[in-house]
Amino acid sequence: MVFFTHITVDDLLSVGVIPFVLSSAAVIGKVLLQAYRFKYYIRKFIGHDVSSLSTTISARLGSEFVSQTTPSYIGGEIVRTAWLTRRGVPVGRAAWITTIEIISDVFVGTILGIISGVFALLNGGYLIGTIVILLSIPTLTFWFLLMFFSAKRNLKLPSLIERIIQKILRGERGRNLVTSTNCAIADLCQMSRENFNFSSSAVIKTFAIGIAITVIAFVLQGISFMVLVNAVGNGIPSISIFDSVMATSASTVLATLPITLGGSGLAELGIWAYVANLDSIPSLQDIVTDSHLSVIVVWRIASYHVPLVIMWIALMKLTINKDVISVRKKNFNNGPSDSNTAKRHPHGEDQKFKLGNPNGSKGQPVRDD
């Protein structure tokens, strides 16, 4: 954008170091809150902590790197589910934890998206308001129906998907995958029945606290944009925290479209359209000459690229096992003839990549590395 628009490096630097750091800190606070929510849900729905606070946060941050680098923010749930099953949590319960996280984000995100769309319509932003509302309502409806039906009956893979899996993985492997997947979905539905009846005050309290954490996380995201806009000046009107939360919520709704990796381009377009009160299809000239564009680029760097580095470090910490590296070094030094190596290191290389049988792992000590 620096090469193809009016934005210069001086425009980006004009925001200032302190506002940029504060903006980045607000978004990092958001992802840390999401990590704490992950641990909170584990403790409440599983009944105990499966790992230390720092390891759980690292796992959540590492999975977020996957979410932030895939279309529509998908993929991180698979990482978190695998991480939980490695620590002895049954697949269905692990899937429940990730599902309730999605529901929390979707519920808060779509509600804020609908509100931002309504305010955009009231202020004359007919195009952006209509788009945000039309994207938010189907997403909220889908997850609401999934919650409803999963609490009423046992769901399973559609027959078409079962046939495709069994055609790709012929024989026993395909049948086992379909069976294990349907068992995990059945466990997930059982968790839905246990928790979506809201008959227990403890369940209501858990959901309420989870939603409250999610709302604060979205507010921090709004603060990250407000800090930058109010720091620039130069004819750009200041923005309130409410308007900033509405703008970033509209941006998030657009970024969930499965078009680009991590919503790149869509997030910037969404927040620009909301701030510009877009009421019709804009021309390219309208976009590249807008005074907010430089602030939006800096906000995207602060809210996306800076946290992405931290998430990547957490992902590397999550995937690199020091014990496995140690075993490899000793095996290399001792040679393949040392038959006692495997006995001395029961958590060998095969164990590193094996999720194992969750049910068979109950009562086993859990490693925090």
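Predicted model: local features only at pLDDT ≥ 70, side-chain atom pairs only at ≥ 80, totals over all residues.
Residues are numbered from 1 along each chain as its sequence is written, and side-chain values use heavy atoms, with hydrogens and water left out. Local features need pLDDT of at least 70 and side-chain atom pairs count only at pLDDT 80 or more, while totals for chains, interfaces and linings use all residues.

**Stop 1: the whole chain**

Show everything as cartoon. The protein has 16 helices and zero strands. Helices (H or I, at least four residues) and strands (E, at least two) are DSSP runs, numbered from the N terminus. Colour by accessibility next. Of the 369 residues, 44% count as buried; buried means under 20% relative accessible area, exposed over 50%, and partly exposed in between, with a 1.4 Å probe and protein chains only. Now consider contacts, defined as heavy atoms within 4.5 Å. Among contacts in the protein with a separation of 6 or more, 73% are between residues 24 or more positions apart.

**Stop 2: α2 against α5**

Select residues 17–46 for helix α2 and 91–122 for helix α5. Their axes come within 10 Å and cross at roughly 130°. Axes here are lines fitted to C-alpha atoms, for helices over the stretch in contact, and angles run from 0 to 180 degrees between N-to-C directions. The two helices are therefore oblique to each other. Angles under 35 degrees count as roughly parallel, over 145 as roughly antiparallel, 65 to 115 as roughly perpendicular, and the rest as oblique. The α2–α5 crossing is right-handed: a crossing is left-handed if the near helix is turned anticlockwise from the far one by less than a right angle, and right-handed if clockwise.

Show side chains. On α2, pick Q34, R37, F38, Y41, I42, F45 and I46. They meet R93, W96, I97, I100, E101, S104 and D105 on α5. The residues of this contact divide into eight nonpolar, two polar and four charged. Ala, Val, Leu, Ile, Met, Phe, Trp, Tyr, Cys and Pro count as nonpolar, Asp, Glu, Lys and Arg as charged, and the others, Gly among them, as polar.

**Stop 3: E101 and its arginines**

Which residues pair with E101? Centre on E101 and select the arginines in turn:

- R37 forms a salt bridge with E101, closest N and O atoms 3.5 Å apart. R37 is in α2 and E101 in α5, so the pair ties together parts 64 residues apart in sequence.
- R60 forms a salt bridge with E101 at 3.1 Å between the closest N and O atoms. R60 sits in helix α3 (residues 53–68), so this pair ties together parts 41 residues apart in sequence.
- R80 forms a salt bridge with E101 at 2.9 Å between the closest N and O atoms. R80 belongs to helix α4 (residues 76–86), 21 residues from E101.

A salt bridge is a side-chain nitrogen of Lys or Arg within 4 Å of a carboxyl oxygen of Asp or Glu. Both R37 and E101 are buried. R60 is buried, and R80 is too. The whole structure holds nine salt bridges.

**Stop 4: T85**

Stay on α4 and pick T85. T85 is buried, with a relative accessible area of 4%.

**Stop 5: α6 against α10**

Select residues 126–152 and 241–255. Helices α6 and α10 pack at about 60°, axes 10 Å apart. That makes α6 oblique to α10. Their crossing is left-handed. I128, I131, V132, L135 and S136 in α6 meet A250, V253 and L254 in α10. This contact has seven nonpolar, one polar and no charged residues.
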